[in-house]
Amino acid sequence: MPPLRLLSVDPSDRGSQRCRLGPGLMSTLGLRLGSPLLVSLPGGSCLCTAWPRPDLAEGFIQMDLKCFSPGLTSGLPAHLTLDPVQLSPLPCSKLKRVKVTVIVQSHDFKKHTHSSLLHEFVKDMLRGVYVHREYVVNMEDFNTDIRYVRIVWVGPDPAAAAGVITSKTALEIIEVQTVQHYKSLLLKEVAPPLGGLEEVTASLREMLQLPLFYPSTLTSLGVSCPRGVLLVGPPGVGKTLLVRRVVMEVGASLVVVRGPEVVGSRPGESEETLRAVFENARSAAEEGPCVLFLDELDSLFPRRSGSSSAENRLVAQLLTLMDGMSRSDRFLIIGATNRPDSLDPALRRPGRFDREVIIGAPTLLQRKAILTVLCERMPVCPTVNMAELAQITTGYVGADLSALCREAAMHALRENIKGSGQQLVEMKHFQEGLKAVGPSCLRGSLGRTDLSPVLWEQIGGLEEVKTKLRQSIEWPMRHPEAFVRLGLRRPRGVLLYGPPGCAKTTLVKAAATSSHCAFLSVSGADLYSPYVGDSEKALAQLFQQARACAPCLLFLDEIDTLIGSRSDGGAPNSVQTRLLSVLLNEMDGIGLKTVERRGTERILQAEGVEQSHTDEELECQEVCNKDVMVVAATNRPSSLDSALLRPGRLDHVIYVPPPDLQARLAILKVCTKSMPVDSDVRLEELAASTELYSGADLENLCKEAALLALLEENMEASSIRHTHFLQSISKMSPSLTAQQISAYLLSPQ
Amino acid sequence: MSLQGALRRSFLLLQEQQGVWGSILQECDSLAESLGNLGEQMGGLARVRLSDTPLRVFPDLQERLRFQLVQEADLLLQRLRGRMSDLQSVRDSISNQASAVLLLYEDAADTLDLAALSRRSSVVPSAADMLEWLQDAERYYRQQFLQRKILLQTLRLEDLSQVEGFPQRWKTLESPDSEQRITDTLCRLSFFMESQ
C-alpha cells in the first residue's frame, strides 16, 4: 500500500475527532463510518474516528487531535508520511465509569467553579468522545477555560483500554490542575542533562523540596526555609539553564519575570505588573512547589540612586513584596545576575535573598563533565579525548563549549558534504572550531593577544634558561601528580632579566606555546589612562579575568617602565607606585573576592575509593594549576621594587645572559636555516668573531650578509658566501658592552 | 431506504430547530443587554460616595439601592436560565435525532457498502456526507450551548467587571461562520428534503 501524506486538519473538522482517509483504505482496513482508529505517530499515538475524505482521494490522511497520548501535546510535526500499517482499528465499547484529571486555564476558574458544576461541564464535553486510558483529550475547540482532560482510568473492563463515553458513563474528577502546572509536569520527563553543576543543583533542589517533604519538622523547629536565592556568575555559565533544569527535576512550576515585560511607561505601571507577578506565583504555589525566577536582576533592580527615578520605586516594591511573603507562601525566588555589585544592597540581606550561590567559570573537571554531556548526542569519534579537550579549553564557559561543539559538528558536516564520507566528529574538527570560538571570559579583555607559535627549537642556545622556564611553566601542567606528591607549588611568578635583544620575549612566547595555558600580554598602552584610578582598575580587572580562565600566563613586558619602584625617589603617589601596589596585592594578596569563586574547594586526600588514573591526574592538575602565573621581563632589574622580587611574588629570577660561543653558534645555525648558505661558510669562525653580539645582532648580521650578496651579484644571487658575512661583521658593531654585562652580573637583586 | 428517510427527517427537524434556536437567542441578547446595564449601574453605585451628595439624608440608601439592583439582576439571570433550558431542549432534540440516525446506520452497516454510501448525485449528496453534516450540526449546537452555559454559570454578581462585560462576552460566543455553514448545508439538501 502506498504511504499516506499527513495534511493539516480541515478547519470544519476541528474538534470532531475525525481522521479523514480515502474510502479505499477504509474498506481495506475494514472500517465503517466513524469507527475508532488508533494512529501511531512519532512521539505518541492518537485515537480518532475514521471518515472518508470529502473528495474521496486516496494517499492522504488528516487527523483532528482530540484524544492523544501526552507526548503529542505540542502538536504534530509537519511533513510527515505514514505507513498504512500505523493505522489499526480499535474495538471500543461503551464505558461505564471513567476517572479523569481536568486541566483548566486559570487559577481563578479553578477557585471559583464549584466541583459539581465542573463535573456537569466536563461530562457534557466528553459525551460521544472515544477515549483511551492515560491519554489526553483536547478541549480547546470549546473555547472555555477547560483546556484538557486527562483520562486516568476507564472501566468496567480492565482489559479494554479504550471506549466511548456516553451520557450514561459515570465520571469522576480526581484532580483539577492548571495548564501551567500540567505542562511543567510534562517537561519533567524530557529534561536535558546539565554538566558540571551538581553541587549547586543539589543545594537548590534541597531548598525547593525540604519544605514540601518535611513541613511539620520545619514548623516544629520554628524556622522558615530560605526563600530567596541569588545566582551570581559570569555570562554563559548556565545560570538560567540551571534554574530551568532544577525546576523541571522537582516538578515545580516556573514563573519567569522578563525585564521588558515588567517595565511600563506609565508611572506605577511597573510596580503593578510586579505585584501581579507575585500574585501569579502565589496562586501557582498552591498546587505545588513554585519558583519565581527574576533573570538579569541587575537591570531590573539597580542600586537606588539619590534622585527619585522610576527604578527606585520598583526596587522598593520588590523589597516590600519580598518582606510581605508570609510563611504560607511556599514559593522560592531565584534571581540571576552577572554583576552582583550593581544590585541594591538592601536586596542582599537574609530574609530577602538569603543565599548567594556563586557559579564561576568552569574548572577543568567541570569542563570535562560539560563536554561529555554535550557530546553525548553527537557522533563523536572514539579517539577524541574529552580530558585533553577540556585541558585546551581554558577559560571556556558552558555557552562557549556548546558553541565549540556546534562548530566542530559543522566542520564535520561540511567535510561530509564534500564527500569524504566520514560521519564522525574528530579531534581535528574540534581544533578547527577552537579557532572560531574564543573563550568568553577573555572577550574584551585588555591583554588578549594572538601570538604566532614559537617552538623551543627556534631559539638557539640558552639551554639553562629554557630548562628553568620549563620547570616553572611546563612541569606543573604536565606532571601535576609529581608536584602534589612532593608538596611543591607552582611558582607565582618568573622574572626574566638580561641585556636587550637576548630573546627574553621570544622565550616567553615559546613557553606560552608549549603549555596549553591562556596567554595574556599587557603593555603600558593598555594600562595607562588619563583618569585617576583607571589604570589600577584595569590591572585589577586583568588579573580577575586571568583568574577566571586559570591556568593562565600573564606577561608583563618591560616591567620596569610599567610598574615603578617606591625607592627610587619618584613621586610617592604617582601612577606607577599605585600600579605597583595593585600588582603586589594581586600576586600575593590576602585572598580572592567571593564572587570569583570557581567550583568547590578541592582538597587532595588519600581516599579509600579507587579512582581511575586519569581522573586523579586531572584532579591534581586542577588543584595544582588554579593560579595565574605572572611572567615579567626587564632589562633594568635594578629599578624594580624589592617587594616585587621576594619569593611568593616573582619567585624565580632568571638571568638571560648574552649568548656565549656555543649559543652564538646555535643562533647562527637557527638563523641561517632558511638561507642558502655556501659550503665555504664556517659558522664556528663567525661565532668566535662575534663576541658581545646579542641574538638580535646575530639575526641582523645574517640579514645584512644576505642583502650584501644580493647587492653584489644582482638579483640572481643563489647563495651567501663567507666573505659576505665577514664584510657585514666589519661594518657592524656589537650592541652590548662588557660594562653592561658586568653590571647585570652584579645586580640581580 | 430507511436510512435515507431518517436522514431526511433529521434535516427537516434541524431546519425547524435552527429557526427556534435563533429566536431564543434574540430574546437572550436583549436580556444580556439589560444585565450589562444593571452591571454598569452597580459599578456606578459602588464608585459614588453618597455622603457627598444631597441624597445623604436618606438612611441606608446605598445598601437599599444595591439590594434592589441585585434583586433585579437575579431576576434577569433567572429569566436567562429559563431561556437556557429552552436552548437545551433544542440541543437535546437535535442530539437525539443525530444519535438515532447513527444508531440506525450502525445496525445496518454490515449490509451497506462504503462505496454505495459515498456515492453522490447532482441532487442527492451521499449518505456519508449527510451523516457527517448531521454530526457537525449536532456538535455545533452542543458547543454553543455549553459555552453559553459555562458563561452564565460562572458569572458572579460580586464581580462587577464581569457583569458589566457580560453582553460583550455573550456576543463573542456567536459564531456566524458555523451558523452559515449549517444554512448552506440545508440549502444543498433542499432538493433531497423536498423529494418525498
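This report walks through a predicted model with chains A and B.

## Chain B

Chain B is helical. Eight helices and zero strands make up its elements. Along the sequence the pattern reads α-α-α-α-α-α-α-α.

Of its 196 residues, 24% count as buried. Among the contacts in chain B with a separation of 6 or more, 83% join residues 24 or more positions apart.

## Where the chains touch

## Helix H3 of chain A

Helix H3 of chain A covers residues 115-126, twelve in number. Its first and last C-alpha atoms lie 16 Å apart, close to the 16 Å expected at 1.5 Å a residue. Leu118(A), Phe121(A), Met125(A) and Leu126(A) are its buried residues. They sit on the same side of H3(A), because they cover an arc of only 125 degrees around the axis. An α-helix has 3.6 residues a turn, so residues three or four places apart point the same way.

What lies over these buried residues? The cover includes strands E10 (97-104), E12 (136-138), E13 (146-155) and E15 (170-178) of chain A. H4 of chain B is also part of the cover. After H3(A) comes Gly128(A), with a positive phi near 80 degrees.

## Helix H22 of chain A

Helix H22 of chain A takes in residues 575-588. Its 14 residues should span 20 Å at 1.5 Å a residue, and its end C-alpha atoms are 20 Å apart, which agrees. The buried residues in H22(A) are Gln576(A), Leu579(A), Leu580(A), Val582(A), Leu583(A), Glu586(A) and Met587(A). Their arc around the axis is only 165 degrees, so they lie on the same side of H22(A).

Elements of chain A cover these residues, including strand E21 (493-497), helix H19 (524-527), helix H20 (534-548) and strand E24 (628-634).

Strand E2 of chain A holds residues 18-21. Arg18(A) and Arg20(A) point one way from E2(A), while Cys19(A) and Leu21(A) point the other way. Are these four residues of E2(A) buried or exposed? All are buried. In a regular strand the side chains alternate between the two faces of the sheet.

E2(A) runs parallel to strand E4 (residues 44-52) of chain A, joined by four bridges. There, Cys19(A) stands opposite Ala50(A). E2(A) also runs antiparallel to strand E5 (residues 60-63) of chain A, joined by two bridges. Here Arg20(A) has Gln62(A) as its bridge partner.

## A three-stranded sheet

Another part of chain A holds an open sheet of three strands, in the order E9-E14-E11, with mixed pairing. Strand E9 (93-94) and strand E11 (130-132) are the edge strands, and each pairs on one side only. E9(A) pairs with strand E14 (residues 162-164) in the parallel sense over two bridges. Lys94(A) has Val164(A) as its bridge partner in E14(A).

## Nonpolar cores

The largest nonpolar core has 139 residues. Within it, Val291(A), Leu507(A), Cys552(A) and Leu554(A) touch the most other members. A second, separate core has 69 residues, including Met26(A), Leu33(A), Val102(A) and Met125(A). Met125(A) is also one of the buried residues of H3(A).

Definitions and conventions. Residues are numbered from 1 along each chain as its sequence is written. Chains are lettered from A and ligands numbered from 1 in the order in which they are written. This is a predicted model: local features need pLDDT of at least 70, side-chain atom pairs count only at pLDDT 80 or more; totals for chains, interfaces and linings use all residues. A residue is buried if 20 or more other C-beta atoms lie within 10 Å of its own, exposed if 12 or fewer, and partly exposed in between; C-beta atoms are placed from the backbone. Two residues are in contact if their C-beta atoms, placed from the backbone, lie within 7 Å. Two strands pair if DSSP finds at least two bridges between them. The expected span of a helix is 1.5 Å times one less than its number of residues. The arc is that of the directions from the helix axis to the C-beta atoms. A nonpolar core is a set of buried Ala, Val, Leu, Ile, Met, Phe, Trp, Tyr and Cys residues joined through C-beta atoms within 7 Å.
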